[in-house]
Amino acid sequence: METAPKISIEGQPPLHVAIIMDGNGRWARARGLPRSAGHRKGVEALRRVVEAAPGLGITHLTLYSFSSENWRRPAAEVRDLMGLLRFHLRSETEELERNNVRLQVIGDRAGLSDDIVRLIEGVEEQTRRNTGLTMVMALNYGGRASIAAAARRVAERVAAGDLDPAAIDADSFGAALETAALPPPDLLIRTGGEKRISNFLLWELAYTEFVFFDTYWPDFSSQELEHAVFEFRGRERRFGAVGV
Ligand code: IPE
Ligand code: IPE
Ligand code: MG
């Protein structure tokens, strides 16, 4: 008797994809170029991913762009990264508008220069009503600092007599995080070969699926994004319960 063809049961696509865009420096070094050339090329990969994401069913894209630890880099590289950020915050707004993308920024703004903060506020305001992809840029972002900031907000409410400490649980604490309005990431992608979180979204990644690529970020293609989504759809998420 002939067996029926195997029906592949694919799960839902990831709605929220978080990306650690790593490997710009090594991409440049492999070509005898300065690290700054890798960062510039990395912006093109970012553009490819933002364009491809909606077609794959992705509604939220969170991109690790500058960590709270990246200040440890040589001053010239930090200056270069901030210059690149300034340039693109100015030049990409039109493009975001055209693609119906809403931009939001997470991270500690107090550590960024005033003009960058004003640019961020401008783009956030201008794209606030866009209903397509939500693009979240993590800038001067650290997972531990983000949790500590939420703890401070909760503690202030307790000190003011607005909150009973006994009422603090994972749900109410999560609501104090700057990411509270975002769905938790379904899928985390890290390029560049390293297999670590590097202080990204520590709280939010509790049940996120991880997919790693050796590809350096500037070479990351829409096909690789598609591959990560495919891989995700084949995984069984159990959230601590028993599988099917
Ligand atoms: C990621 O690439 C970009 C930022 C951290 C800003 P890197 O600059 O970390 O590149 P590698 O890891 O040194 O190759
Ligand atoms: C993580 O990459 C930060 C960003 C991609 C913005 P890093 O290159 O800073 O991470 P480590 O130092 O290798 O852990
Ligand atoms: Mg790196």
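**Close-up views of the two ligand sites**

**View 1. The shell around ligand 2 by residue class.** In this predicted model, the shell around ligand 2 comprises four nonpolar, three polar and four charged residues, where Ala, Val, Leu, Ile, Met, Phe, Trp, Tyr, Cys and Pro count as nonpolar, Asp, Glu, Lys and Arg as charged, and the others, Gly among them, as polar. Residues around this ligand, each with a heavy atom within 4 Å of it, include Tyr 64, Ser 65, Phe 66 and Arg 196. Strand S2 (residues 60–67) gives the most to this shell, with three residues; strands are DSSP runs of E with at least two residues, and helices are runs of H or I with at least four.

**View 2. Polar contacts of ligand 2.** Oxygen atoms of ligand 2 lie 2.6 Å from a side-chain N or O atom of Ser 198, 2.9 Å from a polar side-chain atom of Asn 70 and 3.4 Å from one of Arg 190, a polar contact being a pair of N or O atoms within 3.5 Å.

**View 3. The surroundings of ligand 1.** Ligand 1 is surrounded by 13 residues, and the closest are Asp 22, Gly 25, Arg 26, Arg 35 and Arg 73. Helix H1 (24–29) contributes three residues, the most of any element. Oxygen atoms of ligand 1 lie 2.7 Å from a polar side-chain atom of Arg 73, 2.9 Å from one of Arg 35 and 3.1 Å from a polar backbone atom of Asn 24.

Residues are numbered from 1 along each chain as its sequence is written, and ligands from 1 in the order in which they are written, with chains lettered from A. Local features need pLDDT of at least 70, side-chain atom pairs count only at pLDDT 80 or more, totals for chains, interfaces and linings use all residues, and side-chain values use heavy atoms, without hydrogens and water.

Key:
Polar contact = N/O pair within 3.5 Å; in protein donor to acceptor, adjacent residues only side chain to side chain.
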